[in-house]
Amino acid sequence: MTSAPQKKAVLYRMVMPKHICPYGIKARWLLRRRGYAVEDHWLTTREETDAFKAQHDVQTTPQIFIDGRRIGGHDDLRRYLGLKVRDPGATSYVPVLAVFAVAALLALSISWLTLAPLIGILTVERFIAAAMMLLAMLKLQDVDRFATMFLNYDLLARRLPPYGKAYPFLELGAGTLMLTHSLSWLSIPVALFIGGIGAVSVFKAVYIDGRELKCACVGGNSNVPLGFVSLTENVMMVAMALWMLAGI
């Protein structure tokens with residue numbers, strides 16, 4: 001009994017001293033995973049790459065050929081194999097959910113190290129404070145871009161644009177002080193102020209005006225839709241501040 005012949009694919013990808021195409025590597029791995037014997041052709045110079053593009057009338061590499069037919073690049077290969085292709089413009093809650101998940105792990109870790117109950121008010125406080133700090137960190141990666149995106153919906157930033165650039169620093173400072181229970185006379189008013197304005201702004205933009213906007217909560221490059229998750233960030237800050245105020 002003879003075995004079926006192995007499927008074959010031809011791959012052209014850039015492998016140069018200063019650049020190795022990551023999508024070429026991903027395409028090769030995907031083909032091999034799907035049982036293809038890959039004829040791997042390296043384009044080792046810019047001239048060779050440009051000549052290949054001109055010959056096949058394509059704009060990008062890698063390029064994959066199967067059964068003598070050009071499939072296209074990495075995303076085209078995924079479609080050919082029936083796999084999902086990520087839409088870079090699609091909305092996604094993944095960034096903010098990742099922040100909340102890491103914040104929860106940090107809160108649990110701190111409670112474990114300090115011998116505090118893992119399930120309790122103190123852990124919840126630490127979770128909110130850690131989430132504030134992580135969200136501020138993402139905004140601080142590109143403050144100007146965040147501030148520009150923030151102007152789309154924040155009521156105070158529209159009247160006072162510099163507030164948008166100050167916001168990440170205020171959120172980081174309040175979160176740090178709340179995590180350590182330091183200078184409550186400062187952290188509580190700051191959290192109430194920025195959280196309160198943020199909650200009102202998001203509620204008005206989404207639930208009253210019915211606008212479809214991207215949230216600046218995880219920085220200026222996200223596709224997180226403005227809505228419930230964005231409102232949650234602000235409500236958590238306000239709730240944390242009120243809880244700490246009640247405990248003074």
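## The model and its conventions

The structure is a predicted model, in which local features need pLDDT of at least 70 and side-chain atom pairs count only at pLDDT 80 or more, whereas totals for chains, interfaces and linings use all residues. Residues are numbered from 1 along each chain as its sequence is written, and side-chain values use heavy atoms, with hydrogens and water left out.

## Overall form

The protein chain contains ten helices and five strands, where helices (H or I, at least four residues) and strands (E, at least two) are DSSP runs numbered from the N terminus. Along its principal axes, the C-alpha trace spans about 80 × 45 × 35 Å. The radius of gyration of the chain is 25 Å, while a compact globule of 248 residues would have a value near 18 Å; this radius is taken over C-alpha atoms, and the globule rule is 2.2 Å times the number of residues to the power 0.38.

Of the 248 residues in the chain, 42% are buried. Buried means under 20% relative accessible area, exposed means over 50%, and partly exposed lies in between, with a 1.4 Å probe and protein chains only. Among contacts (heavy atoms within 4.5 Å) between residues at least 6 apart in sequence, 65% join residues at least 24 apart.

## Surface and charge

The accessible surface of the protein chain is about 14,200 Å², and carbon and sulfur atoms account for 63% of that area. Such areas come from the Shrake-Rupley method with a 1.4 Å probe, and for residues only the protein chains shown count as cover.

The chain carries 26 positive and 18 negative side chains, and the centres of these two sets are 4 Å apart. In this count Lys and Arg are positive and Asp and Glu are negative, while His and the chain ends are not counted; the place of each charge is taken as NZ of Lys, CZ of Arg, CG of Asp or CD of Glu.

In soluble globular proteins, nonpolar side chains tend to be buried together. A nonpolar core is here a set of buried Ala, Val, Leu, Ile, Met, Phe, Trp, Tyr and Cys residues joined through side-chain atoms within 4.5 Å. The largest such core has 43 residues, and those with the most contacts inside it are F100, F150, Y153, M178, V218 and L226. The elements that give two or more residues to this core are α4 (94-113), α5 (121-140), α6 (143-150), α8 (162-180), α9 (184-208) and α10 (228-247). A second, separate core has twelve residues, including L30, V38, I64 and L81.

When neighbours within four places in sequence are left aside, M178 is in contact with A129, M132, S187, I188, A191, M240, A241 and M244. Y163 lies in helix α8 and counts as buried because its relative accessibility is 6%. With the neighbours within four places again set aside, Y163 is in contact with F150, D154, L156, A157, L170, F193 and I194.

## Backbone details in the loops

Most residues other than glycine have a negative phi, and most peptide bonds are trans. A cis peptide bond, with omega about 10°, joins T61 and P62, and P62 is placed in the loop between α2 (46-56) and β4 (63-66).

L115, in the loop between α4 and α5, has a positive phi near 60°, and this residue is exposed because its relative accessible area is 78%. L183, in the loop between α8 and α9, has a positive phi near 45°, and with a relative accessible area of 44% L183 is partly exposed.

## Exposure and separation along the chain

Helix α2 holds Q55, which counts as exposed because its relative accessibility is 63%, and A54 is also found in helix α2, exposed with a relative accessible area of 62%. Q55 and I208 are 153 residues apart in sequence and 56 Å apart in space, C-alpha to C-alpha. From A54 to M178 the separation is 124 residues in sequence and 60 Å in space, C-alpha to C-alpha.

A239, in helix α10, is partly exposed at 40% relative accessibility. The C-alpha atoms of A239 and Y93 are separated by 22 Å, and these two residues are 146 apart along the chain.
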